[in-house]
Amino acid sequence: NGYAINKLQHALINGERTLPDIIFDKIKIKKSKTIPSDAQKFQGHSYKIYQGRSTTTWEQAKRNCEEVGGYLAVVKSPRENAFITSLIQRSNYRGAWIGAKVEDLVNKRWVWTDRSLGLLYQNWASGYPRYTSNQYGALYIWSDGKWRDTGPSLYSSYSYVWVCEWN
């Protein structure tokens, strides 16, 4: 459609999008859009909690969501945060990976897995985010709804749960 092409051209010219972003979107569009029947609906999106058999890194959780046609959950409002928190609590998990990662540690630039920039809504636990080294940079939401940044490749005794989202 001509409108979509003009919009993409404008975004490229103004530096709002990059060619890798557009290629990423194309790949994402080609993947299966089948939403699991047991996914929970909220404000036009669907969400599902997954549990691995063992500890799972943020990167593995991200890939797992993409393999089922979704992406790690993007939290953009207090209501969405409360909804995802309720999913975690009802499942009796301590927390789960969600879809933001620091792309630029120096400038503290966060990117969501849907490629949107920045944390317009934030719900950090006291003392977070840490940003003290490249150990921190992936977003984990606890069952109290508070966020903590942790290492995207680090394991812990509770990092085996993640939340996938579908449009």
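**Exercise 1. Find the distance and the setting of the salt bridge between Asp38 and Lys48 in this predicted model.**

Step 1. Take the pair. The side chains of Asp38 and Lys48 meet in a salt bridge, with 3.2 Å from N to O.

Step 2. Asp38 sits in the loop between helix H2 (19–30) and strand S1 (40–42), while Lys48 belongs to strand S2. The two are 10 residues apart, and the pair links distant parts of the chain.

Step 3. Check the polar contact. The side chains of Lys48 and Asp38 are also joined by a polar contact of 3.2 Å.

**Exercise 2. Decide for Asp38 and for Lys48: buried, partly exposed or exposed?**

Step 1. Recall the cut-offs. Buried means under 20% relative accessible area, and exposed means over 50%.

Step 2. Apply them to Asp38. Its relative accessibility is 45%, so Asp38 counts as partly exposed.

Step 3. Apply them to Lys48. Its relative accessible area is 19%, so Lys48 counts as buried.

Step 4. List the neighbours of Lys48. Leaving out residues up to four places away in sequence, Lys48 touches Pro36, Asp38, Ala39, Trp162, Val163, Cys164 and Trp166.

**Exercise 3. Which residue forms a salt bridge with Lys101, and which elements does the pair link?**

Step 1. Name the partner. Lys101 forms a salt bridge with Glu59, and their closest N and O atoms are 2.3 Å apart.

Step 2. Locate the ends. Lys101 is in strand S4 and Glu59 in helix H3 (residues 58–67). They are 42 residues apart, so this pair links distant parts of the chain.

Step 3. Lys101 has 26% relative accessibility, so it counts as partly exposed. Glu59 has 25%, so it counts as partly exposed.

**Exercise 4. Work out what the salt bridge between Lys76 and Asp114 ties together.**

Step 1. Get the distance. The closest N and O atoms of Lys76 and Asp114 are 3.3 Å apart.

Step 2. Find the loops. Lys76 lies in the loop between strand S3 (71–72) and H4, and Asp114 in the loop between S5 and S6. The pair therefore ties together parts that are 38 residues apart in sequence.

Step 3. Lys76 is partly exposed at 45% relative accessible area, and Asp114 is partly exposed at 25%.

Step 4. The whole structure holds six salt bridges.

**Exercise 5. Describe the largest nonpolar core and the residues with the most contacts inside it.**

Step 1. Size it. The largest nonpolar core has 26 residues. Tyr47, Ile84, Trp112, Leu139 and Trp147 have the most contacts inside it.

Step 2. Trace the suppliers. At least two residues each come from strand S2 (45–51), helix H4 (78–90), strand S4 (95–104), strand S5 (109–112), strand S6 (138–142) and strand S8 (161–166).

Step 3. Separate the other core. Another core of 13 residues lies apart from it, including Tyr50, Ala61, Trp162 and Cys164.

Step 4. Look around Trp112. Leaving out residues up to four places away in sequence, Trp112 touches Ala73, Val74, Val75, Lys76, Gly99, Ala100, Gly118, Leu119, Leu139 and Trp147.

**Exercise 6. Summarise the overall fold: how many helices and strands are there, and in what order?**

Step 1. Count. The protein has four helices and eight strands.

Step 2. Order them. From the N terminus on, the elements run α-α-β-β-α-β-α-β-β-β-β-β.

Step 3. Check burial. Of the 167 residues, 44% are buried.

Step 4. Check contact range. Among contacts between residues at least 6 apart in sequence, 67% join residues at least 24 apart.

Step 5. Check the surface. The accessible surface comes to about 9500 Å², and 51% of it belongs to carbon and sulfur atoms.

Methods
Residues are numbered from 1 along each chain as its sequence is written. This is a predicted model: local features need pLDDT of at least 70, side-chain atom pairs count only at pLDDT 80 or more; totals for chains, interfaces and linings use all residues. Side-chain values use heavy atoms; hydrogens and water are left out. A nonpolar core is a set of buried Ala, Val, Leu, Ile, Met, Phe, Trp, Tyr and Cys residues joined through side-chain atoms within 4.5 Å. Buried means under 20% relative accessible area, exposed over 50%, partly exposed in between (1.4 Å probe, protein chains only). Contact means heavy atoms within 4.5 Å. A salt bridge is a side-chain nitrogen of Lys or Arg within 4 Å of a carboxyl oxygen of Asp or Glu. Accessible areas come from the Shrake-Rupley method with a 1.4 Å probe; for residues, only the protein chains shown count as cover. A polar contact is a pair of N or O atoms within 3.5 Å; within protein, one must be able to donate a hydrogen and the other to accept it, and residues adjacent in sequence count only if both atoms are side-chain atoms.
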